[in-house]
Amino acid sequence: MKSRRDFLLAAGSIVFASVAAGARATPAAMHEAVRKVAGDAEIRRGLVKLQIAPLIDNGNAVPLTVTVDSPMTPDNRVRAIHVFAEKNPLPNVLSVYFGARAARARVVTRIRLADSQTVTAIAELSDGSFWSDAGDVVVTLSACLEDIV
Amino acid sequence: MARAVIRLPSTARRGEIIEITTLVQHPMETGFRRTQLGEAIPRNIVRSFVCAYNGEEVFRATLHPAIAANPLLTFSTVATESGTITFTWSGDNGFSVTQSATITVT
């Protein structure tokens with residue numbers, strides 16, 4: 001006979017299973033994702049400016065702006081900007097590549113955040129150097145996990 | 001057919017920096033969510049976006065599941081000559097949307 005205890009155990013395991021399914025990126029996965037774009041190059045702080053709200057009510061759509069201080073001339077320009085979120089299920093968020101006609105190294109988008117975490121932006125310059133900036137955010141409603149349909 | 005919205009000035013002076021905002025209708029299903037019965041919902045996202053100005057690539061983006069539904073991207077380019085700017089989104093399940101806009105440069 002199904003008792004209340006059995007029912008609670010079953011319900012608990014379903015909740016546990018759904019939380020476990022939204023596995024978080026490990027620091028190793030984050031490191032690997034960063035090294036995949038940057039190789040062995042040193043990543044310095046500076047030049048990049050990552051604008052994100054410090055407190056976010058809804059992690060499903062978080063406005064994000066990344067600006068890189070660069071003249072964008074043919075021999076001194078930003079090739080790409082990569083955005084990473086360390087505690088999302090996948091650390092990669094967005095990679096953008098600027099063509100020769102791009103005027104400013106700036107991109108605006110909306111991202112999802114699964115947890116309170118540090119969001120990192122890495123810019124790849126035409127001279128092969130990498131620059132970064134990071135922003136700490138507190139997320140009250142997480143994307144991915146609490147939004148079960 | 002998914003709707004796409006593009007905002008850019010219709011006319012610009014030569015050498016002027018123009019800002020382009022694009023939005024495409026798409027659920028961006030992450031592939032990490034489950035239904036109440038515990039079945040995984042398959043991933044369905046926009047994988048890439050390309051913007052070309054008279055055929056020359058200006059801006060390209062690779063999107064991951066961490067991009068919010070209805071992906072919005074704002075970037076800029078230099079108005080060099082009159083012509084068409086094309087925007088292409090492509091993604092899972094054969095998703096593909098192409099839109100173009102014309103710009104007059106004076």
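Start in chain B and select B:Pro42. This residue sits in the loop between strand S3 (17-24) and strand S4 (46-53) of chain B. Keep in mind that the model is predicted.

Next, show the contact between the chains. Chain B puts in 30 residues and chain A puts in 34 residues. On the side of chain B that touches chain A, select strand S5 (56-63) and strand S6 (72-78); these are the elements that give two or more residues. S5(B) has the largest share, with 8 residues. Colour that side of chain B by residue class: 16 are nonpolar, 9 polar and 5 charged.

Stay on S5(B) and bring in strand S6 (residues 92-98) of chain A. The two strands pair in the antiparallel sense, over 5 bridges. Which residue of S5(B) is the bridge partner of A:Phe98? Select B:Phe59; that is the partner.

Finish with chain A as a whole. Colour by secondary structure to see 2 helices and 9 strands. Trace the chain from the N terminus: the order is α-α-β-β-β-β-β-β-β-β-β. Chain A has 149 residues, and 37% of them count as buried. Among contacts between residues at least 6 apart in sequence, 70% join residues at least 24 apart.

Notes. Residues are numbered from 1 along each chain as its sequence is written. Chains are lettered from A and ligands numbered from 1 in the order in which they are written. This is a predicted model: local features need pLDDT of at least 70, side-chain atom pairs count only at pLDDT 80 or more; totals for chains, interfaces and linings use all residues. Two residues are in contact if their C-beta atoms, placed from the backbone, lie within 7 Å. Helices (H or I, at least four residues) and strands (E, at least two) are DSSP runs, numbered from the N terminus. Ala, Val, Leu, Ile, Met, Phe, Trp, Tyr, Cys and Pro count as nonpolar, Asp, Glu, Lys and Arg as charged, and the others, Gly among them, as polar. Two strands pair if DSSP finds at least two bridges between them. A residue is buried if 20 or more other C-beta atoms lie within 10 Å of its own, exposed if 12 or fewer, and partly exposed in between; C-beta atoms are placed from the backbone.
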